[in-house]
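Me: I've just opened this structure and I'd like to learn how to read it. Can you take me through it step by step?

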Amino acid sequence: MLPKLTTIPVHEIVNKIIEICKDVSKLKIGQKIGISPLRNSCMCCTYCNSGKENLCESADITGESLM
């Protein structure tokens with residue numbers, strides 16, 4: 001199933017921190033940070049068990065999966 005338009009698929013999500021909560025101690029404003037777009041996978045298929053969660057048929061990927 002294709003995502004709705006205005007989706008911009010990317011390999012990684014990268015940006016600069018502009019605000020942090022008072023309880024955050026390891027990150028600083030202005031610091032560059034990145035995350036993997038893979039939000040979730042089944043963790044029990046052949047791909048997940050071999051470290052290739054991005055290929056899982058149940059993978060939930062930012063910019064590709066529908067919410």
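Me: What pLDDT does the protein chain average?

Reply: pLDDT is the predictor's confidence in each residue, from 0 to 100. Where it is low, the predicted coordinates should not be read in detail. The average for the protein chain is 84, and 81% of the residues score at least 70. Confidence is lowest in β1, with a mean of 87, and highest in α1, at 96.

Me: How many salt bridges does a search of the whole structure find?

Reply: A salt bridge is a side-chain nitrogen of Lys or Arg within 4 Å of a carboxyl oxygen of Asp or Glu. The search of the whole structure turns up one. Aspartate 60 pairs with arginine 39, and their closest N and O atoms are 2.7 Å apart. This pair links distant parts of the chain: aspartate 60 sits in strand β4 (residues 60–61) and arginine 39 in strand β3 (residues 38–40), 21 residues apart.

Me: How many disulfides does a search of the whole structure find?

Reply: A disulfide is a pair of cysteine sulfur atoms within 2.5 Å. The search of the whole structure finds zero. Cysteine 45 is in no disulfide; its nearest cysteine sulfur, that of cysteine 42, is 3.7 Å away. For cysteine 56, the closest cysteine sulfur is also in cysteine 42, and the gap of 3.6 Å is too far for a bond. Cysteine 56 is buried, at 6% relative accessible area.

Me: Which residues is serine 41 in contact with, leaving aside its neighbours within four places in sequence?

Reply: Contact means heavy atoms within 4.5 Å. Serine 41 contacts Cys48, Glu53, Cys56, Ser58 and Ala59, leaving aside neighbours within four places in sequence. You'll find serine 41 in the loop between β3 and α1 (46–49), and at 10% relative accessibility it counts as buried. Methionine 43 is in the loop between β3 and α1 as well. Its phi is near 65°, a positive value in a residue other than glycine.

Me: Where is glutamine 31 found, and what does it contact?

Reply: Glutamine 31 is in the loop between β1 and β2. Leaving aside neighbours within four places in sequence, it is in contact with Asn15, Lys16, Ile17 and Lys26. Now look at lysine 16, which lies in strand β1. Not counting residues up to four places away in sequence, lysine 16 touches Gly30, Gln31 and Lys32. The C-alpha atoms of lysine 16 and glycine 30 are separated by 5.5 Å, although the two are 14 residues apart along the chain.

Me: Which residues form a nonpolar patch on the surface?

Reply: Patches are made of residues with over 30% relative accessible area and no salt bridge: like charges are joined within 9 Å, nonpolar side chains (Val, Leu, Ile, Met, Phe, Trp, Tyr) within 5 Å. Accessible areas come from the Shrake-Rupley method with a 1.4 Å probe; for residues, only the protein chains shown count as cover. Here Ile20, Val24 and Ile29 make up a nonpolar patch, with about 240 Å² of accessible area together. Valine 24 is in the loop between β1 and β2 and is partly exposed, at 33%.

Technical notes: Residues numbered from 1 in each chain as written. Predicted model: local features only at pLDDT ≥ 70, side-chain atom pairs only at ≥ 80, totals over all residues. Heavy atoms only, no water. Helix = DSSP H or I, 4+ residues; strand = E, 2+ residues; numbered from the N terminus. Buried < 20%, exposed > 50% of the residue type's maximum accessible area, 1.4 Å probe, protein only.
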